[in-house]
Amino acid sequence: MSADDSHRFAKAPHLWALGVGAVVSGDFFGWQAGLSAGFWGLAINLIIVSVLYILLSFSIAELSTSIPCGGGPYAFAHRALGPTAAYFAGLAEVLKVIVTCAVVSVGIGSYIIQLFSWSSTDSGPAWWALFFVLFTVLNVAGIALSFRVQLGATVLSVLILIVFYIGAATQFSYDEWIAAPDMEFTDGSKGLVSGLSFAMWFYLGIEELPLAVEETIDPAYNMPRGLLSSIATLFVLSFCTLFFNSGISPGADKMFASTSPLLDGYKSVFGDNSTTAGFSWLLIVGLLASFHSFIFCMGRLLYAMARDGFLPAVLKKLHPKNHTPYAALIIGSALALILAICLHFAIGDVRLGSVMINLALTGALISYAFQLISFIQLRRHEPELPRPYRSFFGIPGAYACLVLCAYALGSIIYQGVISPDDFLVAVVIAVVYFVGGAVLFYSVIQKNIAHLPQTPGRLDKSLISPGSREAGVDHV
């Protein structure tokens, strides 16, 4: 291992933990908003988004090994489409990671308030701030510590879900808790379209793994294994959560209105007593696992883009001892906290999480589109590019995923139009954000990046050389 690689720590299990950990909070809260389409409506939407994320994961698994450079979506777009596309791909990804950090902090606050049985939510912003400070400090403290904490938190989160599934299976009743409250289908095709985005919450974040490529040992070998094992785990968890959390007391209709569905499910299955109350505190671990993952990925993204001139230079400052992007972590966390607090006072807490989920997904879907187009472009125009891992679905899979992304983005816009009092806020913020980003790019940033080479960041060709273990990676 070279001196430059001495900071690398992560192997496939750590990447699995980062991938699953980034998303596992989706099984704790947020998904229940998808029950606006009814139980089977959400199930259909979950099948659609599962196909979307499986196809996406195979494509970015190939991209992350052929372009092993920090920056993920923006780096892929830079190589395939040029600096302008790279900037807007990165801009979309920045929106996603910052807003998702805000969403998960709100979820943590909601769980804590419910655990304390407080009727007022005025303390929410204080809890959000506390956890932002704690986990920003943890990520600044060092890479190895961050990955070890993440692995432990993710394993515990999955175990908590498995315990719940086993308990809920003994009390599951479709006729009593799904059919009886008339929650099988809601609003027909209108409900399906408007509820699609919340099914994506079961997977949002899995695509963050390429941002950890510069901390990964032998990315050509470990990155595809970490990514594809993560998507397989999340696929199983998502359907188990939907069926077992909806088909128990107090019923799918009450879970739809809940801000903490897993906590309510635990109380229903194991009883609302002192023992359960103590165990319920462990449910916070799942939210913390996602929170930690997204703060980690946010720091890496902002740092990588700043390093190549796409964002202010202050964001590329590294901690002198721990070599962590402390400026990007601190500034990104501050922006996420400010966003959550501003929306808290602007629209209240009833729809706060759902509105921010749609906002995060808007950035995510635009980012996905850039990645998929980059995948297609590189396959067609750079067939000789070393590809230690090749997507099983190839170009047809990328095209199919693009169609699903367009449909999902259309569903978010549709929901904003039919619910202007709440969800239109997400659409308006996204439009203002991208217009402002475009003005900034053409007035300032375009001049700063004119000197950039075709390959961004620190693309290490040794990571995709014949010395890597690519022979066993193809079609994992």
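D182 sits in the loop between α7 (174-179) and α8. Helices here are DSSP runs of H or I with at least four residues, numbered from the N terminus. The model is predicted: local features need pLDDT of at least 70, side-chain atom pairs count only at pLDDT 80 or more, and totals for chains, interfaces and linings use all residues. Residues are numbered from 1 along each chain as its sequence is written, and side-chain values use heavy atoms, with hydrogens and water left out.

D182 is not a glycine, yet its phi is positive, at about 60°. The residue is exposed, with a relative accessible area of 56%. Buried denotes under 20% relative accessible area, exposed over 50%, and partly exposed the range in between (1.4 Å probe, protein chains only). D218 also has a positive phi without being a glycine, near 50°. D218 lies in the loop between α8 and α9 and counts as buried at 16% relative accessibility. A cis peptide bond joins S249 and P250, with omega about 10°. P250 belongs to the loop between α9 and α10 (252-257).

Aromatic contacts were then counted. Rings of Phe, Tyr and Trp (its six-membered ring) pair if their centres lie within 6.5 Å; planes under 30 degrees apart count as stacked, over 60 as edge-to-face and the rest as tilted. The count comes to 27 aromatic pairs. For F29 and W201, the ring centres are 6.1 Å apart and the planes stand at 75°, so the pair is edge-to-face. F29 lies in the loop between α1 (12-23) and α2 (39-66), and W201 in the loop between α8 (188-199) and α9 (219-246), so the pair ties together parts that are 172 residues apart in sequence. Both F29 and W201 are buried. One aromatic cluster is formed by F164, Y165, F172, F244, Y266 and F270. R225 lies over the face of Y221, 4.2 Å from the ring centre. The criterion for a charge over a ring is NZ of Lys or CZ of Arg within 6 Å of the ring centre and within 35 degrees of the ring normal.

Helix α3 (residues 73-81) is mostly covered, with eight of its nine residues buried. Its buried residues pack against α2, α4, α13 and α15 (352-381). Contact requires heavy atoms within 4.5 Å. Just after α3, G82 takes a positive phi of about 105°.

M305 is found in helix α13 and is buried, at 1% relative accessible area. Leaving aside neighbours within four places in sequence, M305 contacts Y74, Y87, G90, L91, V94, F310 and L311. The C-alpha atoms of M305 and G90 are separated by 7.4 Å, although the two residues are 215 residues apart along the chain.

A pocket is an open set of points where a 1.4 Å probe fits, with protein on both sides within 12 Å along at least five of seven lines; lining residues have an atom within 4 Å of a point. The second largest pocket has a volume of about 500 Å³, taken as the space filled by probe spheres set on the points, which are joined across faces, edges and corners. Of its 27 lining residues, L91, V94, I98, L335 and Y433 are closest to the centre. Elements giving two or more residues to this lining are α4 (83-115), α13 (284-307), α14 (326-347) and α17 (424-448). The largest share, eight residues, comes from α17. By class, the lining has 22 nonpolar, five polar and no charged residues.

Notes
1 Å grid on protein atoms, 1.4 Å probe; cavity = no way out; pocket = protein on both sides within 12 Å on 5 of 7 lines; lining within 4 Å. Nonpolar A, V, L, I, M, F, W, Y, C, P; charged D, E, K, R; others polar.
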